[in-house]
Amino acid sequence: MNMGTKVTLRKKKISNGRESLYLDFYPAINNPATGKPTRREFLKSYIFTKPKTPIEKNHNAETLKIAESIRQKWENILNKPEIYTEFEKKQLHIKEQGEKCFVEYFRELTKKRKGSNSGNWTSALYYLETFTNGSIKFSELNEKFFNDFKDYLLTAKSHRSDKTNLSINSAASYFLKIKAALRQAYTDGLLQTDLNAKIQPIKSKETRREHLTIEELNKLVKTPCSNDILKRAALFSALTGLRFSDIQKMVWGEIEYIKGQGYFLNFRQKKTQGVETLPISEQAFNLLGERRGENEKVFAGLIYSTCTNEQLSKWIKEAGITKKITFHCFRHTFATLQLTEGTDIYTVSKMLGHRDIKTTQIYAKVVDEAKREAANKIKLDID
């Protein structure tokens with residue numbers, strides 16, 4: 001804090017017989033927004049050089065009174081901090097926070113994200129930077145800005161290919177990251193109102209979650225695959241509901257056998273970072289192969305690549321299955337079959353590691369559709 005700073009109210013001639021008012025600091029002080037030394041702060045107000053009417057004279061008097069009050073406040077905080085009121089300190093703090101850059105704040109939050117979710121934060125940052133040209137102050141944020149940003153996302157080109165538009169679900173996901181940042185900014189005191197609560201998310205488009213029937217799974221069991229590790233990992237996913245990323249990083253030290261209870265997998269989810277203890281069936285355990293060192297990967301050699309995807313597609317096709325199946329569909333299969341067989345949705349949600357049961361309810365809709373299709377298959381010759 002500068003001590004002994006002189007603050008003087010000065011005038012500068014501008015157009016139409018007016019004078020702009022500004023404060024002159026001596027010696028210079030650090031600008032709260034830029035951190036650089038400055039001698040001037042324009043008050044964005046003016047007076048008439050030669051007031052001719054009562055209205056102009058009254059305007060001058062009121063404007064000078066306000067300007068003097070601002071000058072006095074500056075002099076108080078710079079030279080007499082003990083008489084600067086708590087309200088005035090709070091107002092100055094709010095002003096300083098408002099000068100900070102929201103894009104830079106979002107960038108710092110993105111750096112802290114880990115796992116597969118970090119990719120969505122990085123993409124959201126890309127579109128935010130493009131929309132704002134890399135900078136917007138917290139004080140400039142409002143509902144209109146974010147509604148305009150929503151419209152931008154819904155019409156923006158994909159940054160991976162400028163020939164296709166960003167999908168609705170991607171736009172919805174990226175905007176949720178923006179809302180999360182606003183929620184955190186409000187918690188951190190950078191926003192004075194809960195702006196996140198005032199802004200509606202982008203409604204995502206429900207996508208079909210392809211899955212396999214038990215008959216199709218058994219076809220795959222009997223069909224050879226050129227990549228045995230891939231085959232065992234896929235079937236393991238169908239029996240446990242684990243994601244590819246969690247299967248890929250699984251080590252033998254995470255597998256535990258408890259007498260009288262069976263096999264368990266103790267692990268941390270790569271996507272959510274949640275710690276899980278997952279019971280696994282004996283069939284699932286038998287897919288793991290010969291046990292090796294505690295720190296060795298169970299599915300050593302399992303990688304995600306174009307070649308792996310081609311091997312998976314060939315295996316599916318040779319089993320006589322025409323559905324478009326990806327590795328993640330085996331996780332969908334686990335969830336759908338569990339619900340079909342009567343496992344309650346709360347248990348399935350816990351086994352999948354979902355934080356919100358609403359995510360699991362998507363599978364319940366798939367089961368309901370299957371039940372409807374099954375009900376319609378029985379038709380009698382009734383007139």
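Guide: We shall take the overall picture, then aromatic rings, then charged side chains.

Guide: This is a predicted model, in which local features need pLDDT of at least 70, side-chain atom pairs count only at pLDDT 80 or more, and totals for chains, interfaces and linings use all residues. Residues are numbered from 1 along each chain as its sequence is written, and side-chain values use heavy atoms, with hydrogens and water left out.

Visitor: How many helices and strands are there in the protein?

Guide: Helices (H or I, at least four residues) and strands (E, at least two) are DSSP runs, numbered from the N terminus. The protein has 15 helices and eight strands.

Visitor: What percentage of the residues count as buried?

Guide: Buried means under 20% relative accessible area, exposed over 50%, and partly exposed in between (1.4 Å probe, protein chains only). Of the 383 residues, 38% count as buried.

Visitor: How is a pair of aromatic rings described?

Guide: One gives the distance of the centres and the angle of the planes. Rings of Phe, Tyr and Trp (its six-membered ring) pair if their centres lie within 6.5 Å; planes under 30 degrees apart count as stacked, over 60 as edge-to-face and the rest as tilted. The whole structure holds 24 aromatic pairs. In one of them, tyrosine 127 and tyrosine 174 are stacked, at 5.7 Å centre to centre with 25° between the planes. This pair links distant parts of the chain, 47 residues apart: tyrosine 127 belongs to helix α4 (residues 117-132) and tyrosine 174 to helix α6 (residues 168-187).

Visitor: Is tyrosine 127 buried or exposed?

Guide: Tyrosine 127 counts as buried because its relative accessibility is 1%. Tyrosine 174 is buried as well, at 4%.

Visitor: Which salt bridge links distant parts of the chain?

Guide: One of them joins lysine 323 to glutamate 216, with the closest N and O atoms 3.0 Å apart. Lysine 323 is in the loop between α12 (306-318) and α13 (328-340), whereas glutamate 216 is in helix α8 (residues 214-222), 107 residues apart. Lysine 323 is partly exposed, at 25%, while glutamate 216 counts as buried, at 15%.

Notes
Salt bridge = Lys/Arg side-chain N within 4 Å of Asp/Glu carboxyl O.
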